[in-house]
2 protein chains.
Amino acid sequence: MEQFATVRWHDGKVRILDQTQLPNELILLEISDHSGIVNAIKKLSVRGAPAIGIAAAFGVVLSVWNASDIDRTGFLVKANKAIDDLKATRPTAKNLFWALNKMRIALSGNLNKPLKEIKLELLKAAQGILEDDIDRCRKIGKFGAELMPMRANVLTHCNAGALATGGYGTALGVLRAAREMGKKVQVYADETRPLLQGARLTTFELLEDGFDVTLICDNMAATVMKQGLVNAVIVGADRITRNGDVANKIGTYGLAVLARQHNIPFYVAAPLSTFDFDLANGDEIPIEERDPEEVRKFGSSLVAPEDVKVYNPAFDVTPNELVETIITEEGVFKKPFEQSLAELKKNLDSNLK
Amino acid sequence: MEQFATVRWHDGKVRILDQTQLPNELILLEISDHSGIVNAIKKLSVRGAPAIGIAAAFGVVLSVWNASDIDRTGFLVKANKAIDDLKATRPTAKNLFWALNKMRIALSGNLNKPLKEIKLELLKAAQGILEDDIDRCRKIGKFGAELMPMRANVLTHCNAGALATGGYGTALGVLRAAREMGKKVQVYADETRPLLQGARLTTFELLEDGFDVTLICDNMAATVMKQGLVNAVIVGADRITRNGDVANKIGTYGLAVLARQHNIPFYVAAPLSTFDFDLANGDEIPIEERDPEEVRKFGSSLVAPEDVKVYNPAFDVTPNELVETIITEEGVFKKPFEQSLAELKKNLDSNLK
C-alpha cells in the first residue's frame with residue numbers, strides 16, 4: 001500500500017493523501033506549516049487514530065523546520081504552541097496525545113543542542129513514530145490473524161486500515177495477515193455514516209489490495225449477521241481505558257451488541273498508543289460531537305430540512321463485556337480486561353525502568 | 001397534513017407528491033395511465049406500504065378510465081393487465097396485494113354493469129381504500145397513543161407517517177395522537193440509508209407539523225438508547241405474518257435488538273392490510289433487493305468505488321419475540337402473537353361471514 005502512503009515527510013514538507021477526496025480523486029496535499037496539519041486533522045483529510053498521531057508529530061517538526069532567524073526561546077515557543085494547537089484538534093483518539101507527548105519528550109531531551117540539531121531530532125522522533133506504527137501494525141496483524149477462522153467472513157466498520165495508520169492497518173492489518181497465512185478472507189464493510197469512511201476508504205483500500213469486499217449500509221449489519229454471512233467482527237479503536245472499554249467510530253457499540261446477540265466474536269485491534277491507562281472506564285472518554293451539517297448534507301447537497309436538529313457524536317463507547325479480544329502489538333488480551341490490561345501496564349512500566 | 005396529500009384522485013388523473021424530491025422540492029406528479037403509477041411505485045415517488053396500496057388501486061382505475069372505444073373483453077384485459085403490472089412492482093409490502101385484491105373484487109362484483117359504471121365503481125373502491133386508510137391510521141393513533149409515556153421520547157425509523165399512508169400515518173400517527181392527548185412528544189429520526197426516508201421525509205413531515213425532532217444517522221441509534229434519550233421505539237410495517245414476525249425497512253431488526261438490550265419497548269403500528277395470515281413466519285416473506293447504485297451513490301454522486309460489490313436488501317424481518325405490541329385499527333396485540341393474532345383472524349373471518 002505504499003502508493004497510498006497516508007502521511008509522509010518529503011523534502012521539508014509533509015505529504016498527506018487527502019482522504020476527504022477518496023475514492024474519486026487521489027490528491028496529495030503538500031503541507032509546509034503546522035497550521036496546515038491542524039486543518040488537515042480537523043477536516044479529516046487525515047483521519048484514523050494512529051495516522052492522526054503521526055500527522056501531528058510531523059506537524060511539530062514543521063512548526064520549527066523553517067525557523068531560521070529566531071533564538072532558542074522563540075524556537076521553543078513555536079514548538080510548544082504547535083503542540084498545543086495540534087492537541088486541540090480532536091478530543092477522542094488517544095494516539096494524538098500519545099504522539100505529541102513523544103514529541104515533547106524529544107524536544108525537552110534535546111534542549112541543549114544547537115537548534116538545527118533539535119530540528120533533526122524532532123524529525124527523527126516523528127519518523128520513528130511513523131515507522132514504528134507500521135511495525136506495530138504488522139505485529140497486530142500477526143497476533144490477530146491467529147484468531148481468524150480459516151474462512152474468515154469479517155464485518156468491519158469505518159476504516160482501520162493502511163489509510164488510518166502509517167500503513168498496513170490495525171483491523172485491516174489483521175485481515176491482511178490472515179490472508180498472508182493462507183486463510184480465506186471475505187469482508188463486509190459498513191459504509192459508516194456520516195462521513196462514509198467504510199464506503200469511501202475501506203472498500204477502496206481492500207479492492208486495491210485484491211480483497212473480496214462487499215459494501216453495506218450501517219443498518220444492514222444486523223441482517224448480515226442474522227443471515228450467517230459473517231463469523232467475526234473486527235474494528236480499530238480511538239481510545240481504550242484500563243478496564244477494556246473501547247471508544248471507536250460511532251456505530252461500533254451497536255455492532256458489538258448485535259455481534260453478541262448473534263454469537264459472533266467482536267475483536268478490537270489497536271496499538272498500545274491507543275490505551276489510556278489514566279481512565280478507569282469509557283464514561284471518562286471525551287466524545288467529539290461534530291458539525292450537524294455532516295448529517296444534514298451529503299457532500300454539498302442538502303438531504304434533510306436545513307433547520308432540523310441533529311445529534312452527531314463522532315464516537316461511541318463499547319463496554320468491555322462486549323469485547324472478545326483486544327489485539328495489540330504486544331499480544332492479545334482477554335477478559336477480565338481489568339486484570340489482563342493491568343498486567344500489560346505493569347510490563348510496560350517495568351520496561352520503561 | 002392535507003397539503004402533503006400523498007396520493008389523490010383529481011379530475012381523471014392521479015396526483016402523487018414526488019417523494020424522491022423531498023424535502024428540497026415539492027413536486028406533484030400528475031399521472032394519467034397505470035404505467036405511470038407502476039413507475040412511480042418502482043422508483044419510490046410513492047412509498048410506504050399503505051400508500052403503495054392506495055396508489056396501485058388508483059392505477060387500476062387509470063388503466064380503464066379513458067378507455068372509450070373498447071368492448072367488455074378489452075376492458076377486462078386492460079384492468080387485469082394493470083393489476084398484474086402493479087402487483088409486480090414491489091414484492092414485500094402486503095398492502096399492495098391487499099389493495100389490488102380489493103380492486104379485483106370490485107371489478108368482478110360489477111362485471112355486468114355498463115363499462116362506464118364499472119369505471120365509477122372502481123374509482124369508488126380506490127377512493128374507499130384511501131379514505132379508509134386515513135380512518136384506520138387515526139384509530140391506530142388512538143390505540144397507540146395510550147401506550148406512549150406522558151413524556152414520550154421516541155425513536156422511529158424510515159417514514160411511517162402521513163407520507164407513507166393516505167394521511168396521518170401509522171407510527172407517526174401514534175405520535176400525533178399522543179400529542180393530541182396532551183402527551184409531550186420528542187422524536188429521534190433515523191436517517192434510514194440508503195434512500196434517507198427518515199432524513200428526507202420523517203423530519204420534514206414532523207417539522208411541518210411542529211414536532212420536536214432530531215435527526216441521527218442509523219448507526220447512532222444504539223448510543224441514543226444507551227444515553228437514555230429515548231423511552232420507546234415505534235415503526236411501521238410492510239408485512240406481518242401470523243406469528244407476529246414483522247418485515248419493515250432495512251435496519252428495523254437491528255433497532256429491535258438494540259431496544260431489547262436497553263429495555264426499551266419496541267412498538268409496531270400497522271393497519272390490518274399489512275397482515276399476511278397465509279404466512280406462518282417471517283422466513284416466508286419475500287425480501288426485495290434493490291439496485292446497488294442506491295448504496296454506491298448518494299443522490300447522483302458516487303461515494304464508493306464504482307465496481308465494489310454491494311448487498312442492498314430493502315427490508316428485514318424482526319422476529320416476534322422482539323416486538324412489545326402490534327398496534328392496529330382493531331386494537332393492540334401482545335405476546336404470544338400466535339394466539340392473539342389467531343384471535344384477531346377469527347374475528348375478521350367471522351365479520352366477513
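A:Arg193 pairs with B:Glu191 in a salt bridge, with 2.6 Å between the closest N and O atoms. The model is a predicted one, and this distance is computed from its atoms. Side chains of opposite charge can pair when their charged atoms come close. Between chain A and chain B the count is 4 salt bridges, and the pair A:Arg193 and B:Glu191 joins these two chains.

The contact itself draws 53 residues from chain A and 54 residues from chain B. The area buried between the two chains is about 4100 Å². Carbon and sulfur atoms give 65% of that area.

Over all chains, the count comes to 42 salt bridges. One of the pairs inside chain A is formed by the side chains of A:Glu30 and A:Arg15, at 2.8 Å from N to O. Because A:Glu30 sits in strand S3 (residues 28–31) of chain A and A:Arg15 in strand S2 (residues 13–17) of chain A, the pair ties together parts that are 15 residues apart in sequence.

Helix packing comes next. Two packed helices are described by the angle between their axes and the distance between the axes. In chain A, take helix H2 (residues 49–65) and helix H4 (residues 94–108): their axes come within 7 Å and cross at roughly 30°. An angle under 35 degrees counts as roughly parallel, so H2(A) and H4(A) are roughly parallel to each other. The crossing in which H2(A) passes H4(A) is right-handed.

Which residues of H2(A) and H4(A) meet? From H2(A) come A:Ala49, A:Pro50, A:Ile52, A:Gly53, A:Ala56, A:Ala57, A:Val60 and A:Val61. On the H4(A) side they meet A:Asn95, A:Leu96, A:Ala99, A:Leu100 and A:Met103. Sorted by class, this contact of H2(A) with H4(A) has 11 nonpolar and 2 polar residues, and no charged ones.

The axes of helix H1 (residues 34–42) of chain B and helix H3 (residues 72–87) of chain B come within 9 Å, crossing at roughly 10°. H1(B) is therefore roughly parallel to H3(B). H1(B) contributes B:His34, B:Ile37, B:Val38 and B:Ile41 to the contact, while H3(B) contributes B:Ala82, B:Asp85 and B:Leu86. By class, the contact of H1(B) with H3(B) has 5 nonpolar residues, 1 polar and 1 charged.

Note on methods: Residues numbered from 1 in each chain as written. Chains lettered and ligands numbered in written order. Predicted model: local features only at pLDDT ≥ 70, side-chain atom pairs only at ≥ 80, totals over all residues. Heavy atoms only, no water. Axes fitted to C-alpha atoms, helices over the stretch in contact; angles between N-to-C directions. Helix = DSSP H or I, 4+ residues; strand = E, 2+ residues; numbered from the N terminus. Parallel < 35°, antiparallel > 145°, perpendicular 65-115°, else oblique. Left-handed = near helix turned anticlockwise from the far one by under 90°. Contact = heavy atoms within 4.5 Å. Nonpolar A, V, L, I, M, F, W, Y, C, P; charged D, E, K, R; others polar. Buried area = accessible area lost by both parts, 1.4 Å probe.
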